[in-house]
Amino acid sequence: MGGGVVANSGANAAYGHLVDPNRKWYNNRRLIALNAWIVLLLITSSTNGYDGSMMNGLQSIDQWRVYFNNPRGSMLGLLNAIQNIGSLAAYPFAPYITDGLGRRSAIFLGASIMCIATAIQTASQSVGMFIGARFLIGFGLTFAATSAPLLVTEISYPSYRAALTSTYNSLWYSGAIVAAWTTFGTFQIDNTWSWRIPSAIQGLPSVIQVALIWFCPESPRWLVSKGRHEQALKTLAYYHADGNAEDPLVKYEFEEIKAAIDLDREVAAKIGWKTLFATRGNLRRMRIILALAFFSQWSGNGLVSYYLNRVFNTIGITNGTHQLLINGILQIWNMGWALGASFLCERIGRRVLFISSTIGMLVFFTLQTACSAVYANTQNKHAAHAVIAFIFLFYAAYDIAYSPLIVSYTVEILPYQLRAKGFVVFNFAISLSLIFNQYVNPVALDTIGWKYYIVYCCWLAFELVYVYLYVIETKNRTLEETAALFDGEEAVEQLAGAAVHAAVDEKEGSSGSLHDEKITKA
């Protein structure tokens with residue numbers, strides 16, 4: 001195959017001329033309210049990030065290690081991997097809850113399970129109880145993490161959709177920061193509360209979601225798919241046009257959603273898991289989605305994300321305080337880069353960011369490997385310090401694409417009827433790659449040390465070739481146009497044409513909700 005594919009949609013999306021230039025996120029009351037609800041959804045990612053960083057930090061806390069009999073090798077791998085094993089167990093059910101009962105219902109269910117699970121984890125009296133609680137955390141997280149980014153994508157104001165959806169995965173680091181500095185703060189507590197406090201704080205985002213999720217708007221796309229057109233139109237009008245259902249942008253969005261779902265209606269009756277691989281367009285989607293899922297975890301980042309203390313041990317940094325301090329600073333560094341990249345994806349483009357990110361990771365991880373080798377052979381402290389510097393530079397490269405874009409890119413290239421199932425497959429692939437990482441990495445580091453890094457250097461070179469060949473540019477398109485892009489330009493034109501043509505017609509709808517009663521009164 002030749003060079004990578006680029007789909008150029010021009011300077012502005014089809015809806016660009018319909019957007020009110022005076023309606024900004026900071027000066028419009030209803031956009032501010034909408035974005036506040038989106039923040040409620042974004043903290044789902046924080047819960048996930050908290051877990052990885054917490055487990056990293058706990059390995060440097062003596063009280064935790066002693067209480068659970070100094071876990072090493074496969075037992076340490078199980079303690080880390082069990083959360084993702086719990087996620088795997090929930091994947092068969094998550095899309096049916098998300099598509100059947102609604103995005104909010106799935107988030108409520110997942111957050112409720114996580115509240116219970118974190119309470120059990122905090123009260124753990126044995127390693128078995130701790131493992132069981134972490135299994136439940138993963139099980140609940142799947143429902144919330146399947147639905148939350150979909151709802152973010154589907155309710156966002158068009159101008160801000162890409163940035164907000166990209167922010168979802170970037171906020172993984174907000175949870176990681178809290179966990180890193182919490183474990184740093186409790187490190188000196190001379191009893192089991194040194195690890196119970198971080199375990200309890202993990203449940204806080206879920207408690208907030210359980211309390212507030214029913215006040216959040218439901219997805220207009222989900223409402224239209226259930227025949228609740230009037231409710232969907234009111235939701236779009238309330239948040240995107242100050243309640244004006246005749247606003248041209250609202251008409252365009254509403255009719256494009258209806259057109260997209262109507263075009264899929266015949267196929268939807270036959271939708272199953274096989275549909276994800278049944279057409280050429282879907283195969284193009286899945287080869288990107290599955291690859292990005294594995295790349296996001298198999299790029300060498302898994303070593304630092306879960307076994308930073310082992311990496312530091314290979315370069316002579318064994319002091320627990322120093323390890324926790326570097327971990328805390330690293331998470332702040334990561335979130336800064338990831339959030340910055342989130343707001344550049346519409347300007348620079350997804351393809352450029354992915355390619356640049358992979359090149360940077362390959363360069364800096366190779367240099368990290370070389371410096372680790374120098375330290376192993378000479379015990380040169382300057383080489384050890386260089387390893388730390390290259391870890392930070394490696395993550396800066398990783399964060400400009402793989403932190404902000406893997407979730408947003410996945411959900412935007414999937415059509416509505418496949419979005420939940422396709423996103424579950426994406427998360428399933430991530431969990432598989434994480435389980436492999438969490439079992440294999442500690443064993444490999446104990447056995448061959450820095451030489452294990454060479455495997456990732458070779459893999460990163462493969463990633464660069466793959467990303468260059470297959471990642472398609474999607475900037476400046478609506479959600480429906482982006483999804484249709486994989487089925488050919490004629491599908492995009494048909495969809496846009498249907499929306500423009502239908503926007504001039506009178507619209508009929510049915511059904512309402514408690515949320516929309518509030519909208520109607522506003």
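1. Helix 22 (residues 453-470) has 18 residues, and at 1.5 Å a residue they should span 26 Å; the end C-alpha atoms of helix 22 are 26 Å apart, so the two values agree. The expected span of a helix is 1.5 Å times one less than its number of residues. Helices here are DSSP runs of H or I with at least four residues, strands are runs of E with at least two, and both are numbered from the N terminus.

2. This is a predicted model, in which local features need pLDDT of at least 70, side-chain atom pairs count only at pLDDT 80 or more, and totals for chains, interfaces and linings use all residues. Residues are numbered from 1 along each chain as its sequence is written, and side-chain values use heavy atoms, with hydrogens and water left out.

3. The protein has 25 helices and 0 strands. Of its 522 residues, 61% are buried (under 20% relative accessible area; exposed is over 50% and partly exposed lies in between, with a 1.4 Å probe and protein chains only). Among contacts with a separation of 6 or more, 84% join residues 24 or more positions apart; contact means heavy atoms within 4.5 Å.

4. Returning to helix 22, its buried residues include Tyr-453, Tyr-456, Tyr-466 and Tyr-470, along with Cys-457 and Glu-463.

5. Helix 14 (residues 280-295) reaches 23 Å from its first C-alpha to its last, close to the 22 Å expected for its 16 residues. Among its buried residues are Asn-282, Arg-285, Met-286 and Phe-295.

6. Ser-296 lies in the loop between helix 14 and helix 15 (301-313). Ser-296 counts as buried because its relative accessibility is 0%. Apart from neighbours within four places in sequence, Ser-296 is in contact with Asn-301, Tyr-398, Tyr-402, Ile-406 and Ile-430.

7. The accessible surface of the protein is about 19,500 Å², and carbon and sulfur atoms hold 65% of that surface. Accessible areas come from the Shrake-Rupley method with a 1.4 Å probe; for residues, only the protein chains shown count as cover.

8. Val-178, Ile-201, Leu-204, Val-207, Ile-208, Leu-212 and Phe-215 make a nonpolar surface patch of about 570 Å². Helix 10 (residues 204-212) gives the largest share, 4 residues, and Leu-204 is found in helix 10. Patch residues have over 30% relative accessible area and no salt bridge; nonpolar side chains (Val, Leu, Ile, Met, Phe, Trp, Tyr) are joined within 5 Å, like charges within 9 Å. A salt bridge is a side-chain nitrogen of Lys or Arg within 4 Å of a carboxyl oxygen of Asp or Glu.

9. The structure holds 0 disulfides (pairs of cysteine sulfur atoms within 2.5 Å). Cys-345 counts as buried because its relative accessibility is 1%.
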